[in-house]
Every structure is written in structure tokens, then in C-alpha cells.
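Have the sequence and the model open while reading.

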Amino acid sequence: MELPLALLMTDRNSEITAAVLRERSKLASFIRRRVRDPSDAEDVLQDVFHDFVRAYRLPEPIEQASAWLFRVARNRIIDRFRKRRNRPASEMASEVTGDPDDSEGEYRLDVALPALDAGPEAVFARSVVLAALQRALEELPPEQRDVFIAHEIEGSSFKDIALQSGVAVNTLLARKRYAVLYLRTRLQTVYDELDI
């Protein structure tokens, strides 16, 4: 016996509502940490939920709603920065673990660099940010600096780094996390001073 369409839609609507209620505060915090303007952050949140409702009603189900929401939020934030800054997303954010469940962004370092063609002030700001990043990298303990550079700058996978160094992947991830947390804190002062 098939259930009536209205009953199926009511069931789907309650699943959507439950997911939104469950994820709203975490998702809003995630977005606010990456988008300075509160109204822009709210716009991103609403766009993500709008996309979620539309996608949830498609025939193919969303199996991990939380991961899907955070992935779409990241993409929306990157798109917003692209439009405003007119530069590649690779300069805006680098995805470290590739883990869609990394909802707290613990392994991610957002480095906003002004575009080189945006005038002399942008070129100056870019040089200040890069110099601060270099100094901050030099301040890291060697183990953290090495894994950060190998993964972020040289593009090595954690698996390759583990094979070359003999250090467990989980240890490398922890070192990278500590490096990212330190670099975020250290660079925030520069961003605040430059109002980037």
C-alpha cells in the first residue's frame, strides 16, 4: 500500500524542520566566524537553508544533512568572497582535511590576501599580511611548521607526510591543528589593523 503524497510531504517537512532546528546554531556560528557583516552572515545562512529545502525535496535523499549544510555554507562564503574581491577561491581559503564533517574548521586557515591589481593600498596590505604570515610560521615549533608547510604549501597529503616522516597521521593532524589555531590568532591582529 502506497502512502498518499500529502503524508509523504508532511513527513519530509518534519525531517527538514528537525534538521534546521538541530543545525541552526552551529551553522550560524560557523558562518559568523567567517563573514564579518552580521546581515551578510544571516543572508548566507538563509541561502543555505533555502538550498537545503530545495535539495531535500529532490528524489535523491541527503544522507548526512549536517555535512551537506556545512559544505554548502563553505561554498556560499567562498562565492561571496569571490564576487567581492574578484580573486581565486584558493587565496580565500584552503581546505585542509577535505572532511565535510569538520564543522568547526579546526584544520582550516583562511588567508585573505588583497588582489595585486587592486591598487597600491592593496599591494601594501598584501605585503604586510604575507610578512606577518612568514613571521608567524617562523614562531611555530618545528614539528608544527613542517607539517603545515608540507601540507598547505607543498601540497603533500597527510598519508605521504606520514610515510616520509614515520609519524602517525593523527599526530600530523594534531600538529597541523595547533599550527592553524596559532596562525589564526597571530594573523587576526594584522587583519584587524588593516581592516581586511
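W68 has a relative accessibility of 17%, so W68 counts as buried. Buried means under 20% relative accessible area, exposed over 50%, and partly exposed in between (1.4 Å probe, protein chains only). This is a predicted model: local features need pLDDT of at least 70, side-chain atom pairs count only at pLDDT 80 or more, and totals for chains, interfaces and linings use all residues. Residues are numbered from 1 along each chain as its sequence is written, and side-chain values use heavy atoms, with hydrogens and water left out.

**Aromatic pairs**

The structure holds two aromatic pairs. F30 and F70 form one that is edge-to-face, at 5.1 Å centre to centre with 85° between the planes. This pair links distant parts of the chain: F30 sits in helix α1 (residues 5-32) and F70 in helix α3 (residues 65-85), 40 residues apart. F30 is at 0% relative accessibility and therefore counts as buried. F70, at 0%, counts as buried too.

The rings of F52 and W68 have their planes at 50° and their centres 5.7 Å apart, so this pair is tilted. Distant parts of the chain are linked here as well: F52 belongs to helix α2 (residues 38-56), W68 to helix α3, and they lie 16 residues apart. F52 is buried, with a relative accessible area of 0%.

Rings of Phe, Tyr and Trp (its six-membered ring) pair if their centres lie within 6.5 Å; planes under 30 degrees apart count as stacked, over 60 as edge-to-face and the rest as tilted. Helices (H or I, at least four residues) and strands (E, at least two) are DSSP runs, numbered from the N terminus.

| Pair | Centre distance | Plane angle | Class |
|---|---|---|---|
| F30 and F70 | 5.1 Å | 85° | edge-to-face |
| F52 and W68 | 5.7 Å | 50° | tilted |

Which residues of helix α7 (residues 158-165) are buried? They are F158, I161 and A162. These cover an arc of only 100° around the axis, which puts them on the same side of α7. The arc is that of the directions from the helix axis to the C-beta atoms. The face turned away from this buried side carries the exposed residues K159, L163 and Q164.

The buried residues of α7 pack against α6 (142-153) and α8. Contact means heavy atoms within 4.5 Å. After α7 comes G166, whose phi is positive, near 80°.

T171 lies in helix α8 (residues 169-194). At 34% relative accessibility, T171 counts as partly exposed. T171 and F158 are 13 residues apart in sequence and 10.0 Å apart in space, C-alpha to C-alpha.
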